[in-house]
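Hi,

Here is the structure I promised to send over. Have a look at it first, and then read on for what turned up.

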Amino acid sequence: MAAAEDEDAGVAAAAAAIAMASAVPMVERGPGAAYHMFVMMEDLLEKLKLLNYEEEAALRSHNMRPPSRHYFALPVNPGEQFYMFCTLAAWLINKAGHPFEQPQEYDDPNATISSILSELRSFGRSVDFPPSKLKVGYGEQVCYVLDCLAEEALKHASFTWKRPTYPTEEVEEEVIMEDDAELTLNKVEEITAEDDTDNEENYIDLNVLKAQTYKSDVTESKQEEILESTVDASEWNLEVERVLPQLKVTIRTDNKDWRIHVDQMHQHQDGIESALKDTRGYLDKLHNEISRTLEKVSSREKYINNQLEHLVQEFRSAQALLSEAKEKYQQGSGGVTERTRILSEITEELEKVKQEMEEKGSSMTDGAPLVKIKQALTKLKQETVQMDIRIGVVEHTLLQSKLKEKSNMTRDMHATIIPDSSIVGTY
């Protein structure tokens, strides 16, 4: 059963390791890495308590409860967790000495995350994960960011860890129970005193016992014959059982005595040896089973490698062909992107030409300009007719003025000629 449980545990550990390797292919992490964020969250909570985040109303002003010990390690409410993360991060950045505006509930999450990460980088911390990991509001990255900011806040507050003070442990006295049959004459008086308080009916007077023993010694000295016991054996056993509890002595030993420690060491050694005798056989059996299982595993592994060698070779060749195909695909994709860019430019030029042709075609098929031209021609004709009329009128007026001037000139000429002829006649 133990071997089967060990095999199941090994299979579970291997499955967990494969799952972790598939989730994080580039970084080799142990099986306990999935629980590292729980430890980090507990450390973060202790650091927040050192910063007095409850007394300084870091969350009280936003009507938010203090987070639990695994709040940012497990998904509870992503929206609420993200808002609490932003609030705590802003408060820690301000506590670290960098001014940071408190984010609001309806702010852009991408802008808030980028500003928080830029502040984290300004502290000299590395950020080797995408910002989208912080949008969910929980996970190892969220715990990492808050833990780094809390450390920076503690550094800015000049917080230092002091040496731990251990409480003094009181050494309890070990009570060692001795054998009931072991007696110490030095403690007889104490035990008799305790027995007097406990059992008054079974009280034994030592003086009476001494007197009786003295009388018996005197009588025995007087008797020269061999004494024979007249007491019944059963009555003697009953008397022994009655007196035996009064003869029990509990020895109060000092725990600092080296003899006690030596006895304890011998007792522990005997216990270890007795336990080792029982467990050595099981351990040898387990060792033999494990060695046989390892030999089977190695032989099966060699057999599987031999059987699958040609498949491994095919897999390697297929992998080489896949890498070559990927390289060709990358090269072809580069050419495709370049040609796609050229095609987009040509398409834009074609759209421009089509638009110009449509404008020209619409202008050629449109009769409105022709109508405007005809109207302009008729208007020009009307204006020319009016101008001709005006020109005729002006010519007529000019002719009239010229004729009038000519008649005036002839009249004036005739007027000057007549006096001259009168003067000639007089002569």
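Let's start with a question: does Lys47 count as buried, partly exposed or exposed, and at what relative accessibility? Lys47 counts as buried, because its relative accessibility is 13% and the cut-off for buried is under 20%. Keep that residue in mind, as we'll come back to it. Before that, one caution: this is a predicted model, so please read everything below as a description of a prediction.

**The overall picture**

The chain has 11 helices and 0 strands. If you walk along from the N terminus, the elements read α-α-α-α-α-α-α-α-α-α-α. There are 427 residues in the chain, and buried ones make up 15% of them. The chain exposes about 35,100 Å², with carbon and sulfur atoms supplying 57% of that area. As for contacts with a separation of 6 or more, 65% of them come from residues 24 or more positions apart.

**Back to Lys47**

Lys47 sits in helix H2. What does Lys47 touch, once its neighbours within four places in sequence are left aside? The contacts are Asp147, Ala150, Glu151 and Leu154.

One of these contacts is also a salt bridge: Glu151 pairs with Lys47, and their closest N and O atoms are 2.9 Å apart. The two partners come from distant parts of the chain, with Glu151 in helix H5 (residues 140-156) and Lys47 in helix H2 (residues 36-50), 104 residues apart. Glu151 counts as partly exposed, because its relative accessibility is 26%, whereas Lys47 is buried at 13%.

**A network of charges**

The pair belongs to something wider. Lys47, Arg125, Asp147, Glu151, Glu152 and Lys155 are linked in a network of salt bridges.

**Another pair, in H10**

Here is a salt bridge to compare with that one. Arg341 pairs with Glu345, and the closest N and O atoms are 2.8 Å apart. Both residues lie in helix H10 (residues 309-365), 4 residues apart, which is about one turn of the helix. Across the structure, the count comes to 8 salt bridges.

**Cysteines**

How many disulfides does a search of the whole structure find? The answer is 0. As a reminder, a disulfide is a covalent bond between the sulfur atoms of two cysteines.

**A look at H3**

At 1.5 Å a residue, its 18 residues should span 26 Å, and the end C-alpha atoms are 25 Å apart, so the two agree. H3 is mostly covered, as 13 of its 18 residues are buried. Just after H3 comes Gly97, which takes a positive phi of about 100°.

Finally, turn the model until you find Tyr303, Ile304, Leu308, Leu311 and Val312. Together they make a nonpolar surface patch of about 440 Å². Helix H9 (258-307) and H10 are the elements that give two or more residues to the patch. Ile304, for one, is found in helix H9, and it counts as partly exposed because its relative accessibility is 44%.

That's the tour. Happy to go through any part of it with you.

Cheers

Key
Residues numbered from 1 in each chain as written. Predicted model: local features only at pLDDT ≥ 70, side-chain atom pairs only at ≥ 80, totals over all residues. Heavy atoms only, no water. Disulfide = S-S within 2.5 Å. Salt bridge = Lys/Arg side-chain N within 4 Å of Asp/Glu carboxyl O. Buried < 20%, exposed > 50% of the residue type's maximum accessible area, 1.4 Å probe, protein only. Contact = heavy atoms within 4.5 Å. Expected span 1.5 Å × (residues − 1). Patch = residues over 30% accessible without salt bridge, like charges linked within 9 Å, V, L, I, M, F, W, Y side chains within 5 Å. Areas by Shrake-Rupley, 256 points an atom, 1.4 Å probe, with all protein chains shown as cover.
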